Amino acid sequence: MTTGAILAQLRKERDVGQKEIATYLRVSVGTVSNYENNVHSPDLATLCKLADYFDVTTDYLLGRTAYRGDSRILNRRISDEYTVTDMLNTVLTFDSSTVNHLMDYAKYLKDKLSR
C-alpha cells in the first residue's frame with residue numbers, strides 16, 4: 001500500500017476530513033489531497049506530524065511495516081533495567097525453539113500470577 005493510500009485510510013478510520021488534516025499540518029486541502037493521491041510526498045517533518053496525529057509509526061505511514069502502534073511504547077520501561085526495546089532485541093536473537101520455550105514460560109507465569 002502507498003503512503004497516500006495509508007493516509008487516506010487512517011483519515012477515514014478517524015472520520016476526519018482533509019480540511020482538518022490540512023489545518024493541523026498548516027497546509028492547503030490540495031496539499032493533503034496530493035499526499036493521498038501520491039502526487040507529492042510529505043517531507044520528514046510533516047511525516048512525523050502525521051505519525052503523531054494518527055498515533056502510528058513513520059514506518060507504518062511509509063508502508064515499511066504493518067505495526068501501527070506508537071513507537072514511544074518501545075522506550076517504555078518494563079523494569080528498572082529494561083525497556084520494551086531491550087526485551088524485543090533480546091528475543092530477536094533467539095531461534096524459534098527458544099522463543100517457543102520463552103512464550104510457554106511467559107504463559108505459565110501469567111497463569112500463576114493471575115490466580
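Visitor: What is the relative accessible area of Val-99, and how is this residue classed?

Guide: In this predicted model, local features need pLDDT of at least 70 and side-chain atom pairs count only at pLDDT 80 or more, whereas totals for chains, interfaces and linings use all residues. Residues are numbered from 1 along each chain as its sequence is written, and side-chain values use heavy atoms, with hydrogens and water left out. Buried means under 20% relative accessible area, exposed over 50% and partly exposed in between (1.4 Å probe, protein chains only). Val-99 therefore has its class from a relative accessible area of 23%: partly exposed.

Visitor: Which residues does Val-99 touch, not counting residues up to four places away in sequence?

Guide: Val-99 lies in helix H7, residues 96-113; helices (H or I, at least four residues) and strands (E, at least two) are DSSP runs numbered from the N terminus. Contact means heavy atoms within 4.5 Å. Not counting residues up to four places away in sequence, Val-99 touches Val-91 and Phe-94.

Visitor: How are H2 and H3 oriented relative to each other?

Guide: Axes are lines fitted to C-alpha atoms, for helices over the stretch in contact, and angles run from 0 to 180 degrees between N-to-C directions. The axes of H2 and H3 come within 8 Å and cross at roughly 110 degrees. Angles under 35 degrees count as roughly parallel, over 145 as roughly antiparallel, 65 to 115 as roughly perpendicular and the rest as oblique. The relation of H2 to H3 is therefore roughly perpendicular.

Visitor: How many residues of the contact of H2 with H3 are nonpolar?

Guide: On the H2 side, Gln-18, Lys-19, Ile-21, Ala-22 and Leu-25 meet Val-29, Val-32, Ser-33, Tyr-35 and Glu-36 of H3. Ala, Val, Leu, Ile, Met, Phe, Trp, Tyr, Cys and Pro count as nonpolar, Asp, Glu, Lys and Arg as charged, and the others, Gly among them, as polar. The residues of this contact include two charged and two polar, and the number of nonpolar ones is six.

Visitor: Which backbone nitrogen does the side chain of Thr-57 reach, and at what distance?

Guide: Thr-57 is found in the loop between H4 and H5, and at 10% relative accessibility this residue counts as buried. A polar contact is a pair of N or O atoms within 3.5 Å; within protein, one must be able to donate a hydrogen and the other to accept it, and residues adjacent in sequence count only if both atoms are side-chain atoms. The side chain of Thr-57 reaches the backbone nitrogen of Tyr-60 at 3.0 Å.

Visitor: What is the phi of Asp-55?

Guide: Asp-55 has its place in the loop between H4 and H5. With a relative accessible area of 40%, Asp-55 is partly exposed. Although Asp-55 is not a glycine, its phi is positive, at about 55 degrees.
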